[in-house]
Each structure stands twice: as C-alpha cells, then as structure tokens.
Amino acid sequence: MKTLNDFNFENKKALIRVDFNVPLNETFEVTDDTRIQAAKSTIIKVLEDGGSCVLMSHLGRPKGKEEKFSLRHIVDKVTEVIGVQVKFVDDCIGDKVSEAVSNLKSGEILLLENLRFYSEEKAGDIAFAEQLSKWGDVYVNDAFGTAHRAHASTAVIAQFFEKNKCFGNLLAKEIESIDKVLNNSEKPVTAILGGAKVSSKIGVIENIIEKVDHIIVGGGMTFTFIKALGGTIGNSLVEDDKLELALSILKLAKEQNTEIHLPVDAVIADAFSNDANTQIVDTTKISDGWMGLDCGPKTSEKFAEVIAKSKTILWNGPLGVFEMEKFATGTIELGNAIAKATENGAFSLVGGGDSVAAVKQFGFGDKVSYVSTGGGAMLEMLEGKSLPGIEAILK
Ligand code: AMP
C-alpha cells in the first residue's frame, strides 16, 4: 500500500483529491470543519517536504456552475485550519488553472473550483480526468467520503500517474482502521448495528458474521427480528418482506458461532414524537398503537456487559431515534459503554452516517479510537466490496 511516506515532495506538486464537501450556512460559512481538519496532515507533510499542493474537491450536488456551491466559500476556513494562505482559481480545468499551477511555488496551496461544475466528473470521463492529471507530479487520494465512487478525480485519474500515486494519511488511516476490525482484530470482536432498516445493513451483516464474535442489533431493525421470532411489535418499524431473511441471519450466526444479541426491552411511544406518552416493556410484547423507539434499561445493561469484555468494537447506526431526546438514552448508554471499553484498551471504530452524528452530538468523538469520515464508503467496505478510489491506487 503506497502512502505519502513513500515520496519526498521537494519541488514537486502534489495533486490531492480531498473531501471538502462541508456543510455551509445561509451566509456560506463552514459550520463543521471536520473534513478540512482531516486533510490537514496530508497537506502539511507535502509542504514540509518542500512541495506544493493543488487541492481538488466537490461540494454538494450542483447542476452545472452554481455559485452557491463554489469552493470559493471555504478558502478562508481552509487557510485558517492549515495555517497557510490558500490561493483559489475559479475553474478546475483550462488555461486559467494551467497558469495558476505553473505559478505555484514550494510551500504554497492552490484550491481548484468545484469538480462537479462539470458533469464529466461524476461520469468518470477519461478526457476530463486527463486534463486534471496535468496539475500535479504525484496524485494523492485522501477523499475517503467519495472512495466508493468511480469518478474522474477519485479513480479514473490514477491511470495517468503510473507509479506516482498514493493514499493520503486520512485514507490510509481509514483503510487501516477497518482492516484492524475485520481482518487483524484482537478477539472478542463485537459489531453493533443499529439504524432504521435491516435492508440497508444486510450486506454488512452477511460480510462480517463470520469475522466477529458478537453482533448487537438495535434501532428500528430490532423489530423485524422480533416479529420473525414470533413477538408482538405493535406499530414499530418493520420490513415484512425481510422476516425470512432475519431468520436466516439468526441461523447463519448459530452455524458460525457468532452470538446475536437483540434488545430485551424497549421504550415504546404512542406517537413518533418527543411529546408522545412512553412506557418501557418487553420487546416481544408491544401492543397495537405503540411503537418501539429506543432500547430499554435492561437492554443497555446487557449490551454494556458484552461491550465490556470486547477487545475490538465496531459501531454503525444508533440504537434508537436519538434525534429526539426522549429516545436517545439507549444510544448514549451504548456510547458510554464503548468509551469505557476503549479506556480499558479496546480498539473502537465508529462509522457510517448517523452514528457519527450521534457520537459528535453526545461528545464521544475523543473517547473512541477512530471516527470514520465516510458514510457510504465505510458501509461498502464493511460489505466487503472493493472501492474504486482504493483500487485505482493499488493497481
Ligand atoms: P441508518 O441511516 O440506517 O443508520 O438509520 C438511522 C436512523 O434510524 C436514525 O435517524 C434513527 O432515528 C432511526 N431509528 C433508530 N431507531 C429507530 C426505531 N426504533 N424506529 C424508527 N427509526 C429508528
């Protein structure tokens, strides 16, 4: 696996695909700079070697050139985070860019305009990728958030660099973390899968079932399993076409000696609302008119015991509707248990959209070993798929 350390960037231009797809408010200020912070170590390594950086990224989903999606809005934030004045050019291909790149000196950073202003980016257009490839001596992919896409700047471009391509520090760390959980893990390994639906996690379950010792199931998917086992789930979220699948997962787990832990009690509500009336009941005995929106205290205790004895922990998906305070306790208790296990020496990886939001919201970010920056990319890796952005560097 080629990384930044295989190169000395002195007098070289690094063309770095970063993921600066950051949230902006109405006045175009960056409201969360996590992704910029995450790219910092790669940029600094190149500058410290005596090289320069040409940064390229997408932002949002523009339809053609739309000023509100211009990367111009983030120049000041990138400058502040990296501590070096960032130059900007309002295109990503063409003469203007060519001139700005030729004028770039060692120690300088140039940010190109939003790649998705050209439809060729998402189409993976080879001619567009070739034009982009002119802007650097070495291609560095550090965009984990888009590594599962075969776009021009994330995958197609790599073929123009033969040996002069590598992973940035962030992407390398993401790959290592997942590898540490799935292939080089210290046992026992526990995966916690929450979130809304079985259907969106099935690929992950099937891929990890033989690699882990425990799977904790929570969130909305709980009730598809409980119903399949004959429980009464009232109006809880359920995928009736996945009942057979749930049973086959349980059977497969038994064959693989993997223990599946289901919530034993639930916080149920008479409406999908923070103002709803609530009760705590056995997960298998939910009456009509009520729905399970969080796991209950007995479940939290049971899950905490499993986590306490785990040496490797993977967490994907909240255990309840954590966005509403009334149904956040199960997710918070789980976060506490993972934080404690991590303090006692376990390796913990949190990833995949909503669990990252939960971890941030409840302040667990510094208490786990690693928080992934990629939602979809992380899920695809956990499903055992090879990602175009990673494959292109390895080729
Ligand atoms: P996912 O994107 O699949 O990880 O799902 C995350 C979403 O699942 C969050 O928005 C949660 O509010 C939701 N969720 C978690 N538990 C439940 C539940 N018991 N019923 C309905 N939705 C849930």
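Leaving aside its neighbours within four places in sequence, Arg35 is in contact (heavy atoms within 4.5 Å) with Asp19, Phe20, Asn21, Val22 and Thr373. This is a predicted model, in which local features need pLDDT of at least 70 and side-chain atom pairs count only at pLDDT 80 or more, whereas totals for chains, interfaces and linings use all residues. Residues are numbered from 1 along each chain as its sequence is written, and side-chain values use heavy atoms, with hydrogens and water left out.

**Arg35 and its annotation**

- Arg35 lies in helix H1, where helices (H or I, at least four residues) and strands (E, at least two) are DSSP runs numbered from the N terminus.
- With a relative accessible area of 27%, Arg35 is partly exposed, the classes being buried under 20%, exposed over 50% and partly exposed in between (1.4 Å probe, protein chains only).
- The side chain of Arg35 makes a polar contact with the side chain of Asp19 at 3.3 Å; such a contact is a pair of N or O atoms within 3.5 Å, where within protein one must be able to donate a hydrogen and the other to accept it, and residues adjacent in sequence count only if both atoms are side-chain atoms.
- UniProt, in an unreviewed entry, lists Arg35, Arg116 and Arg149 under "binding site"; its positions are given in the numbering used here, feature names are shortened, and annotations may be inferred rather than shown by experiment.
- From this set, the lining of the largest cavity takes in Arg35, a cavity being a set of points on a 1 Å grid over the protein atoms alone where a 1.4 Å probe fits but cannot get out, and lining residues having an atom within 4 Å of a point.

- Asn21 is placed in the loop between strand S1 (13-17) and helix H1 (34-49), and it counts as partly exposed because its relative accessibility is 25%.
- Beyond four places in sequence, the contacts of Asn21 are Arg35, Ser57, His58, Leu59 and Gly60.
- His58 is found in the loop between strand S2 (52-56) and helix H2 (75-82), and is buried, with a relative accessible area of 3%.
- Among the residues that His58 contacts beyond four places in sequence are Asp19, Asn21 and Arg116, and its side chain makes a polar contact with that of Arg17 at 3.2 Å.

**Arg149**

- Arg149 has its place in the loop between strand S5 (138-141) and strand S6 (165-167), and is partly exposed, with a relative accessible area of 38%.
- Its contacts, leaving aside neighbours within four places in sequence, are Thr154, Ala155, Pro388 and Gly389.

**Lys201**

- A further "binding site" annotation from the unreviewed UniProt entry covers Lys201, Gly292, Glu323, Gly352, Gly353, Asp354 and Ser355.
- Lys201 lies in the loop between strand S7 (189-193) and helix H7 (202-208), and is buried, with a relative accessible area of 8%.
- Not counting residues up to four places away in sequence, Lys201 touches Gly194, Gly195, Met221, Asn316, Gly317 and Leu379.

Notes: 1 Å grid on protein atoms, 1.4 Å probe; cavity = no way out; pocket = protein on both sides within 12 Å on 5 of 7 lines; lining within 4 Å.
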